[in-house]
Amino acid sequence: MKRTLSVVILLLLLGAAAVLGTERYDRSRSEARVMAGVRQQFEGHVVRLREDLRALQALNGRLAAALAAAPGGEAGPFASIAPGMTQARPDIRSIVFVRKLRIEQVYPIAGNEPVIGLDYSLRPQFMAKIAYMIRHRVPVVDGSTRLVQTGRTGLIFRAPIFDAPDAAGGDGYRGMTALTVDLENTLRRAGLIGPEAAFDLAIRSREEGRPAYGLFGDMGLFDRPHVPATITLPDAAWELAAVPKNGLAYDPARAWLIRGGGPP
């Protein structure tokens, strides 16, 4: 009798273990399907964002090259090129020409009048990026500003303008061009945010000489199961995390089906 009871208990325990194992396997398979769906959508939109950022850098670089070819006469090419840039990219909020560290030209003027004459040397929050740009002679992307128009994060694309080094051994730095875009609009344009996106998004930036800082979204997403991506810029690496909007919730009906002996 005791032996029969022991066998029954053992069989019950083995059955319970099998059910729990099957349920755990089915749960992990369900979570993998959700993450695979997010990955498929997310990676395509990351490619679009990467291309958009490169396009903005290229626009700013072409403007900088045109102004570099017109020392002392930058106002002419600036006035002829800037309007076409905003037509090509409606997410551009402003474009400026900066001589040394003082803004001389801005487009469009309407709504941006206060920035004319702004001296970056009096704005230390911008100087680390500008100093990096001049020292390494590379374009930079600054995500540490808030747009006056929207209060949202703005990206500033800066491209340096250099003359030939002078006889005194100077670096030849003449100034820079800079364009500002609304990051949220740029992300929406790439399909990374909006009602169609199956995921929540977070972006942080890693740059030389400073801790990683958040650009967009909830940084807590990086601590949850997520689909990662990286976008490399001339002066930084952006880390992106996509987490399913509805989480990895498991359908309890499937668990009961498994416990009842049904197929997973």
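Predicted model: local features only at pLDDT ≥ 70, side-chain atom pairs only at ≥ 80, totals over all residues.
View 1. Leaving aside residues up to four places away in sequence, Arg158 touches Asn60, Tyr120, Phe126, Ile130, Met133, Pro139, Val140, Asp142, Met176, Thr177 and Ala178. Arg158 is found in strand S4, which covers residues 153-162. Although Arg158 is buried, it has no salt bridge, because such a bridge requires a side-chain nitrogen within 4 Å of a carboxyl oxygen and the nearest side chain of opposite charge, that of Asp142, is 4.2 Å away. The side chains of Arg158 and Tyr120 are, however, joined by a polar contact of 3.4 Å.

**View 2. The aromatic pair of Tyr120 and Phe126.** The structure holds 3 aromatic pairs. Among them, Tyr120 and Phe126 form an edge-to-face pair, with 5.5 Å from centre to centre and 80° between the planes. Tyr120 and Phe126 are buried, and Arg158 touches both Tyr120 and Phe126.

**View 3. The aromatic pair of Phe162 and Tyr173.** This pair is edge-to-face, at 5.9 Å centre to centre and with 65° between the planes. It links distant parts of the chain, since Phe162 belongs to strand S4 and Tyr173 to strand S5 (residues 173-182), 11 residues apart. Phe162 counts as buried because its relative accessibility is 19%, under the 20% limit, and Tyr173 is buried with a relative accessible area of 6%.

**View 4. Helix H3 and the residue that follows.** The 13 residues of helix H3 (residues 124-136) should span 18 Å at 1.5 Å a residue, which agrees with the 19 Å between its end C-alpha atoms. Phe126, Lys129, Ile130, Tyr132, Met133 and Ile134 are the buried residues of H3. Just after H3, Arg137 takes a positive phi of about 55°.

How values were computed. Residues numbered from 1 in each chain as written. Heavy atoms only, no water. Helix = DSSP H or I, 4+ residues; strand = E, 2+ residues; numbered from the N terminus. Expected span 1.5 Å × (residues − 1). Buried < 20%, exposed > 50% of the residue type's maximum accessible area, 1.4 Å probe, protein only. Lys, Arg positive; Asp, Glu negative; His and termini not counted. Polar contact = N/O pair within 3.5 Å; in protein donor to acceptor, adjacent residues only side chain to side chain. Contact = heavy atoms within 4.5 Å. Phe/Tyr/Trp six-rings, centres within 6.5 Å; stacked < 30°, edge-to-face > 60°.
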